[in-house]
Amino acid sequence: MEDYVNLLNKGADLTGDSLFGFALGKHIQAKDYGVLGYLVESCENLEQAIQALTRFDALVADIGTTTVLYEIDNTRIQWTPRCIDCKQMVLRNTTAWVATVYKILGPACKLTAITFTFSLDKSEQEILQEWFSCQVMGNAETNAIIFPRHLLHVPFTSENKAMFNALVEVTEKELLDQNKSAVSQLTNNKQEEIKHKAIALLRANPTLKNCDQQRIANALFISSRTLQRKLKLSGTSFQQILND
């Protein structure tokens with residue numbers, strides 16, 4: 001990430017473009033996200049796409065934390081980078097998200113506001129507001145994309161249920177492989193570890209389609225009975241975490 005931020009900052013210096021990350025983000029396409037991009041395109045609507053993005057974003061680049069807040073009229077996607085002095089990275093990431101949704105939803109995508117934690121001069125603000133077609137504010141508390149809540153349910157024209165299910169399965173495996181190679185223990189308690197992994201796999205599938213106990217056990221390389229026993233020892237059950 002440090003090299004990435006330095007490279008973006010160098011690009012801004014060499015081009016003399018203080019919005020260098022924005023210029024890059026405009027050209028991002030879903031295919032640039034690999035499997036995750038195709039997964040997003042195959043979603044039923046924006047709500048499902050956001051769930052997929054927030055769950056699997058780290059597979060593309062683990063450079064920040066995404067939080068989704070559902071307000072009365074708006075939905076707010078907040079992004080907190082894992083480093084400082086990363087104006088260009090935040091610009092690129094934010095613009096890439098919006099550019100991807102623009103390509104899928106088209107004219108239906110009308111944003112409410114964009115906020116950034118860094119400062120923007122008048123010229124930068126005008127350029128960003130023209131492209132995003134909404135109010136853009138600097139020196140905000142969070143980096144956020146804010147849009148009308150009803151956009152969550154606008155159907156994607158490229159929605160493909162068969163493709164979605166296949167891609168979720170592939171991405172679940174990628175996520176599981178990544179977790180295994182990270183050698184990071186969620187907890188010293190093995191039963192708790194199994195519980196957290198089962199929860200992660202369920203959250204990875206926004207529709208919960210075909211998420212039965214046997215499939216989750218297979219993904220964790222244990223038998224269904226072993227999964228049941230370990231969850232019981234951690235004070236829960238498969239049905240309970242599925243309901244949650």
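Is W131 buried, partly exposed or exposed? With a relative accessible area of 23%, W131 is partly exposed, where buried means under 20% relative accessible area, exposed means over 50%, and partly exposed lies in between (1.4 Å probe, protein chains only).

The structure is a predicted model, in which local features need pLDDT of at least 70 and side-chain atom pairs count only at pLDDT 80 or more, while totals for chains, interfaces and linings use all residues. Residues are numbered from 1 along each chain as its sequence is written, and side-chain values use heavy atoms, with hydrogens and water left out.

The protein chain contains eleven helices and five strands; these are DSSP runs numbered from the N terminus, with helices being H or I of at least four residues and strands E of at least two. Of its 244 residues, 44% count as buried. The accessible surface comes to about 13,000 Å², and carbon and sulfur atoms account for 50% of that surface; such areas come from the Shrake-Rupley method with a 1.4 Å probe, and for residues only the protein chains shown count as cover.

Next come the aromatic rings. A search of the whole structure finds five aromatic pairs. Rings of Phe, Tyr and Trp (its six-membered ring) pair if their centres lie within 6.5 Å, and planes under 30 degrees apart count as stacked, over 60 as edge-to-face and the rest as tilted. The pair of F22 and W131 is edge-to-face because the ring centres are 5.6 Å apart and the planes stand at 80°. This pair links distant parts of the chain, with F22 in helix α2 (residues 20–25) and W131 in helix α6 (residues 122–132), 109 residues apart. W131 also forms an edge-to-face pair with F132, at 4.9 Å centre to centre and 85° between the planes. F22 has 5% relative accessibility and so counts as buried, as does F132 at 0%. Ring pairs join F22, Y102, W131 and F132 into a cluster.

The largest nonpolar core has 47 residues, and F132 is listed with L111, I114, F116, L128 and F147 as having the most contacts inside it. A nonpolar core is a set of buried Ala, Val, Leu, Ile, Met, Phe, Trp, Tyr and Cys residues joined through side-chain atoms within 4.5 Å. Helix α5 gives this core its largest share, ten residues. Leaving aside residues up to four places away in sequence, L111 touches several residues, including V98, Y102, F132 and F147; contact here means heavy atoms within 4.5 Å. Another core, of 13 residues, lies apart, and among its members are A198, C211, L220 and I222.
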